[in-house]
Amino acid sequence: MKLLAFRFPLPLLAAAFLCHPPLPALAQANAKAAKRTAAARPAPDLANHNYGPHERNVLDLWKAKSASPTPLVIYIHGGGFAAGSKESLSPAILEPLLQAGVSVMAINYRLSPGVSFPTHYLDCGRAIQYSRLHAKEWNLDPKRIGATGSSAGAGTSLWLGFHDDLADPKSDDPVLRESTRLSCMAVNGAQSSYDPRVIKEWVGEAASRHPALPGFYGLKPEEFDSEKAHQLYVAASAITYLTRDDPPVYAYYSEARGPIPANARPGQGIHHINFGLRLKEQMDKLGIECVVRHRDEGADVAREMAAFFVTHLKP
């Protein structure tokens with residue numbers, strides 16, 4: 001990937017982040033929606049099971065009925081890395097996967113501003129590792145694991161799918177000795193880059209000024225345009241790690257196509273299809289399957305995601 005050399009006007013970037021309100025309204029709305037969604041789902045076989053030492057290191061697991069080990073799809077919630085919960089897992093994706101013999105796990109992870117990159121990613125990676133450690137106990141096939149999620153959960157799924165294996169064979173923690181590699185990812189509204197410089201080029205300046213980004217990186221206003229920040233921007237972006245041996249992707253988008261308006265609010269465009277189209281350009285060059293779909297095409301996201309997972313996890 002060619003890295004971009006241009007810089008933001010620092011005062012403009014800092015002012016946009018400082019003037020935009022925090023995300024409590026989003027968190028409150030997400031919580032209400034999650035409660036409604038949870039009421040429509042069957043009860044999990046395991047609920048609020050700890051996969052790590054922190055209070056948000058918890059998972060729910062729905063086991064598909066099968067005499068033989070089943071594939072697993074791990075759901076990573078969105079919320080700008082600062083809000084959201086595993087309760088937002090939709091029955092529309094859960095039920096067809098269970099019916100197809102694919103188990104499903106939904107996880108929580110630590111949030112900003114309490115933590116910053118890469119902690120969100122590493123928590124989710126640990127959940128993958130934990131599922132492999134307990135694969136026999138839970139009747140799972142450790143060689144067939146996929147990931148899904150929306151927004152921040154989608155970006156995290158891509159990052160884990162493309163990143164080198166995080167397993168540490170010498171770790172004292174048996175969980176961390178397990179692999180984080182995935183077989184496929186099916187995501188909704190994914191950002192293939194969290195580099196504001198790249199986002200500005202691909203989508204527009206408004207998207208590059210999303211209010212969640214400073215908290216995600218743990219940066220002070222005076223650091224937004226520093227070398228330290230630039231290194232974090234590249235390291236946090238999934239597309240940085242894309243190589244020929246990486247797994248296939250299905251990416252769905254519902255935000256309006258086309259250019260972002262000049263008067264757009266900070267953050268508008270952060271779920272733009274250009275993130276998926278740029279990713280597809282790179283994956284096509286490497287010969288890796290990448291399906292990019294949009295609501296305007298009449299795409300049925302839940303049905304298509306479930307079919308994608310069945311195709312790649314149950315060949």
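Let's start with a charged pair: the side chains of Lys86 and Asp60 meet in a salt bridge, at 3.0 Å from N to O. Lys86 sits in the loop between strand S3 (70-76) and helix H3 (91-99), while Asp60 belongs to strand S2 (residues 58-62), so this pair ties together parts that are 26 residues apart in sequence. Keep in mind that you're looking at a predicted model.

**Salt bridges**

- Side chains of opposite charge can pair when their charged atoms come close.
- Back to the opening pair for a moment: both Lys86 and Asp60 are buried.
- Asp141 and Arg144 also join their side chains in a salt bridge, with 2.6 Å from N to O. Asp141 has a relative accessibility of 18%, so it counts as buried, whereas Arg144 is partly exposed, with a relative accessible area of 22%. The cut-off that matters here is 20%, since buried means under that value.
- Another salt bridge brings together the side chains of Lys280 and Asp284, at 3.3 Å from N to O. Both residues are in helix H11 (residues 274-286), four residues apart, which is about one turn of the helix.
- Some residues link up in a network of salt bridges: Arg257, Arg293, Glu297, Asp300, Arg303 and Glu304.

**Helices H4 and H6**

- Two packed helices are described by the angle between their axes and the distance between the axes.
- For helix H4 (residues 119-133) and helix H6 (residues 152-162), the packing angle is about 65 degrees, and the axes are 10 Å apart. That makes H4 roughly perpendicular to H6.
- The crossing of these two helices, H4 and H6, is right-handed.
- On the H4 side, Tyr121, Cys124, Gly125 and Ile128 make the contact, and they meet Thr156, Trp159 and Leu160 of H6. Sorted by class, this contact of H4 with H6 has five nonpolar residues, two polar ones and no charged ones.

**Helix H10**

- Which residues of helix H10 (residues 227-235) are buried? They are Ala229, His230, Leu232, Tyr233 and Val234.
- What do the buried residues of H10 pack against? Their partners are helix H7 (196-202) and helix H9 (212-217).

Methods. Residues are numbered from 1 along each chain as its sequence is written. This is a predicted model: local features need pLDDT of at least 70, side-chain atom pairs count only at pLDDT 80 or more; totals for chains, interfaces and linings use all residues. Side-chain values use heavy atoms; hydrogens and water are left out. Axes are lines fitted to C-alpha atoms, for helices over the stretch in contact, and angles run from 0 to 180 degrees between N-to-C directions. Angles under 35 degrees count as roughly parallel, over 145 as roughly antiparallel, 65 to 115 as roughly perpendicular and the rest as oblique. A crossing is left-handed if the near helix is turned anticlockwise from the far one by less than a right angle, and right-handed if clockwise. Contact means heavy atoms within 4.5 Å. Ala, Val, Leu, Ile, Met, Phe, Trp, Tyr, Cys and Pro count as nonpolar, Asp, Glu, Lys and Arg as charged, and the others, Gly among them, as polar. Buried means under 20% relative accessible area, exposed over 50%, partly exposed in between (1.4 Å probe, protein chains only). A salt bridge is a side-chain nitrogen of Lys or Arg within 4 Å of a carboxyl oxygen of Asp or Glu.
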